[in-house]
Amino acid sequence: MNYSEHWEHHHREEHGDSALSVAEGVAAQPTVNPNFHRKRRPALSADQYVEGILAGDITVLSQAITLVESSRPEHYEQAQEIIERCLPRSGESVRVGITGVPGAGKSTFIEAVGDMVTSHGHRLAVLAIDPSSERSGGSILGDKTRMERISSNPDVFIRPSPSAGSLGGVARKTRETVILCEAAGFDTIFIETVGVGQSETAVHSMVDIFMLLQISGAGDELQGIKRGIMEMADLVVITKADGENIRKAELAKAQLANALHLFPEPESGRRPQVFTCSAVDGSGLETVWKEVEDFIGFTRRNGFFTSNRRRQNKYWMYESINEALRNSFYRDPSIERALPDFERRVLADRLSSFVAARKLLDLYFGDMHRK
């Protein structure tokens, strides 16, 4: 008799059929239905992907974006072919970058503005750059559940950011996703930065107008805002300007407007304006969107819109080269074998980091020549 049987026998003798007796439990049930078999979705050809995207088929668009986000070499080849073929039908949208301090209410703002923008006859795609999601679980999936009203709108497409990879990789994939969304007929693209740090720079390098969301609060309104982000902003929006916050929002608006005047005139030729709005009661949203349209109109007329997009295209060409070279280097079998030893020698101060890097690069390029 094992321990559990011995305990059960002793327990029954002591308590009989009293309320203290323990009924025998049921056997553990399988967590998944054993009769359930997942049907594998048949793979589409490049022609089918392109045809579906150009027809505005959201399911095909989503599958194509998943292909773009895949790290498998065979997917990469097909994804690049799809992007190449969609490129002539892209570029006609307005790309809006949205960033903000934590708690600024980006999701609520995007939902309120998104509703208004689609009511004007536009089709909206909301994308995100979230390099932190691999570490922290991120927040964009939460955003999708918080944006319940807008996500059921047939003229809105919300796409969470890739959940793994470096900022450069996530940003490049978002940039390629923009092309597919434009080819599918979305004429307004919101690119939201969820992570903090360099992700603002990545978003700035793929949008036509960059919006900084702020909240009013006690003390210095500029506290916690990096100067670099302020200099990137084409307009600043103070959210949650309702109820008791209205007076504080107006004060913050005046302080931020003064601060922006101290910066040199931006390349666009249009000084950033500061606005207040409330996503709850809808006040100020039309004014904010009118400034977006005015800014785009102004930069189209003075040539900045076109020159900015061309400069971004050149930037992403170099970024793609850098990422491809980095991936090729670290995936090289010789480098994979040698790297741990070089790392140990650098950590033990037996080899300088510069000499180690040079030797590894020589090894890599020697391998390339031999191939």
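Modeller: A residue is called buried under 20% relative accessible area, exposed over 50%, and partly exposed in between, using a 1.4 Å probe and protein chains only. At 30% relative accessibility, Asp155 is therefore partly exposed. This is a predicted model, in which local features need pLDDT of at least 70 and side-chain atom pairs count only at pLDDT 80 or more, while totals for chains, interfaces and linings use all residues. Residues are numbered from 1 along each chain as its sequence is written, and side-chain values use heavy atoms, with hydrogens and water left out.

Colleague: What is a salt bridge, and how many salt bridges does the structure hold?

Modeller: A salt bridge is a side-chain nitrogen of Lys or Arg within 4 Å of a carboxyl oxygen of Asp or Glu. The structure holds 14 salt bridges. One of them joins the side chains of Glu69 and Arg159, at 3.2 Å from N to O. Glu69 belongs to helix α3 (residues 58-69) and Arg159 to strand β3 (residues 156-159), so this pair ties together parts that are 90 residues apart in sequence. Helices (H or I, at least four residues) and strands (E, at least two) are DSSP runs, numbered from the N terminus.

Colleague: Is Arg159 buried or exposed?

Modeller: Arg159 is buried, its relative accessible area being 14%.

Colleague: Which residue meets Arg95 in a salt bridge?

Modeller: The side chain of Arg95 meets that of Glu182, at 2.8 Å from N to O. This pair links distant parts of the chain, with Arg95 in strand β1 (residues 94-100) and Glu182 in helix α9 (residues 167-183), 87 residues apart. Arg95 counts as buried at 6% relative accessibility, and Glu182 is buried with a relative accessible area of 6%.

Colleague: With which residue does Asp155 form a salt bridge?

Modeller: Asp155 pairs with Arg123, and their closest N and O atoms are 4.0 Å apart. The two residues sit in loops 32 residues apart: Asp155 between α8 (148-151) and β3, Arg123 between α5 (106-119) and β2 (124-129). Arg123 counts as partly exposed, at 22% relative accessibility. Elsewhere, salt bridges that share partners join Asp47, Glu81 and Arg85 into one network.

Colleague: How are a pocket and a cavity defined?

Modeller: Both are found on a 1 Å grid over the protein atoms alone: a cavity is a set of points where a 1.4 Å probe fits but cannot get out, and a pocket is an open set with protein on both sides within 12 Å along at least five of seven lines. Lining residues have an atom within 4 Å of a point. Grid points are joined across faces, edges and corners, and a volume is the space filled by probe spheres set on the points. Here the largest pocket has a volume of about 1,000 Å³. Of the 37 residues that line this pocket, the closest to its centre are Tyr76, Gln80, Arg172, Glu176 and Ser320. Helix α14 gives the most to the lining of the largest pocket, with 11 residues.

Colleague: What lines the largest cavity?

Modeller: The count comes to 1 cavity of 30 Å³ or more, and about 50 Å³ of space lies in the largest cavity. Its lining includes Glu69 and Arg159, the two partners of a salt bridge described above. Elements β2 and α9 give two or more residues to this lining, and the largest share, 3 residues, comes from α9.
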